[in-house]
Amino acid sequence: MTTLLYKELRLAAHPTSMVFAFLGCLVLVPAYPYSVIFMFGCLAPYLTFLNMRETNDAWYTAILPVTKRESVLGKCLLVVVFQLFQLAFSLPFALLRNALHIANNPVGLDATVAWYGFGFLLFAVFDAVFLTSFYRTGYKVGTSFLLAAVPMALLMAAIEATAYIPALAWLDSCRPEHLRMQLPIFIVGIACYGALVPSAYRIAANRFEQVDL
């Protein structure tokens with residue numbers, strides 16, 4: 001599987017996906033809707049799968065000594081690697097922002113513990129819809145992305161909206177007591193990601209096994 005993942009990174013991954021993975025540094029921008037960072041984490045799979053379709057990756061992978069399920073697993077792992085790297089890469093910049101005492105983001109939610117939890121949740125929902133939809137046919141990338149973009153856009157709007165609700169002001173705070181209050185959201189986000197993505201893989205693999213290449 002390590003070899004297959006290496007193949008996905010070298011041959012299937014679109015070059016812009018690498019760029020998107022490093023855009024977690026945008027949390028240093030004083031006034032920016034940080035949920036857009038998550039959108040980049042969703043655009044990366046879309047462009048990669050589009051590149052995969054145009055380069056006949058499915059046909060190439062079919063002649064390798066791997067099963068269809070392993071082919072789907074390789075793609076799912078590639079998506080997870082990009083998304084987790086993006087979140088991990090943003091963390092030092094979020095800490096630096098706090099250390100520099102940059103003013104509260106006037107556009108939306110700051111890069112708090114809750115923000116990371118929301119990010120895991122958004123990625124989980126997007127991946128679940130996109131992967132299961134795509135592997136129904138193995139080539140309808142645009143349709144799958146549009147279906148997944150609807151919940152993605154709604155969640156992005158909800159994430160930014162929390163910063164404008166007075167009762168939820170603690171979600172937009174980096175004070176230690178508020179960060180502790182945000183931990184349950186972070187844990188729930190990780191739990192959703194850990195549950196939905198493997199489920200999406202199983203559904204996608206089952207569907208792809210029925211596709212006649």
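Modeller: Start with Glu160, which sits in helix α7. Helices here are DSSP runs of H or I with at least four residues, strands are runs of E with at least two, and both are numbered from the N terminus. This is a predicted model: local features need pLDDT of at least 70, side-chain atom pairs count only at pLDDT 80 or more, and totals for chains, interfaces and linings use all residues. Residues are numbered from 1 along each chain as its sequence is written, and side-chain values use heavy atoms, with hydrogens and water left out.

Is Glu160 buried or exposed? Its relative accessible area is 11%, so Glu160 is buried. Buried means under 20% relative accessible area, exposed means over 50%, and partly exposed lies in between, with a 1.4 Å probe and protein chains only.

Now look at what surrounds Glu160. Leaving aside neighbours within four places in sequence, Glu160 is in contact with Pro33, Tyr34, Ser35, Val107, Gly108 and Leu109. Contact means heavy atoms within 4.5 Å. Take Leu109 from that list. Glu160 and Leu109 are 51 residues apart along the chain, yet their C-alpha atoms are separated by 5.3 Å.

Ser35 leads us to the next helix. Helix α3 covers residues 35-54, and helix α7 covers residues 141-161. Their axes come within 10 Å and cross at roughly 175 degrees. That makes α3 roughly antiparallel to α7. Axes are lines fitted to C-alpha atoms, for helices over the stretch in contact, and angles run from 0 to 180 degrees between N-to-C directions. Angles under 35 degrees count as roughly parallel, over 145 as roughly antiparallel, 65 to 115 as roughly perpendicular, and the rest as oblique.

Which residues meet there? On the α3 side they include Ser35, Phe38, Cys42, Tyr46, Phe49 and Arg53. On the α7 side they include Val141, Phe145, Met152, Ile159 and Glu160. The residues of this contact of α3 with α7 divide into 13 nonpolar, two polar and two charged. Ala, Val, Leu, Ile, Met, Phe, Trp, Tyr, Cys and Pro count as nonpolar, Asp, Glu, Lys and Arg as charged, and the others, Gly among them, as polar.

Stay with α3 for a moment. Leu47 is found in this helix. Leu47 has 21% relative accessibility, so it counts as partly exposed. Apart from neighbours within four places in sequence, Leu47 is in contact with His14, Thr16 and Phe20.

Helix α2 covers residues 15-21, and Ser17 lies in it. Ser17 counts as buried, at 1% relative accessibility. Not counting residues up to four places away in sequence, Ser17 touches Ala44, Thr48 and Phe82.

Thr55 lies in the loop between α3 and α4 (57-62). It has 47% relative accessibility, so Thr55 counts as partly exposed. The C-alpha atoms of Thr55 and Thr162 are separated by 42 Å.

Finally, step back to the chain. The protein chain has eight helices and zero strands. Its radius of gyration is 18 Å, close to the 17 Å that the globule rule gives for 213 residues, so the chain is as compact as a globular protein of that length. The radius is taken over C-alpha atoms, and the rule is 2.2 Å times the number of residues to the power 0.38. Buried residues, Glu160 among them, make up 46% of the 213 residues.
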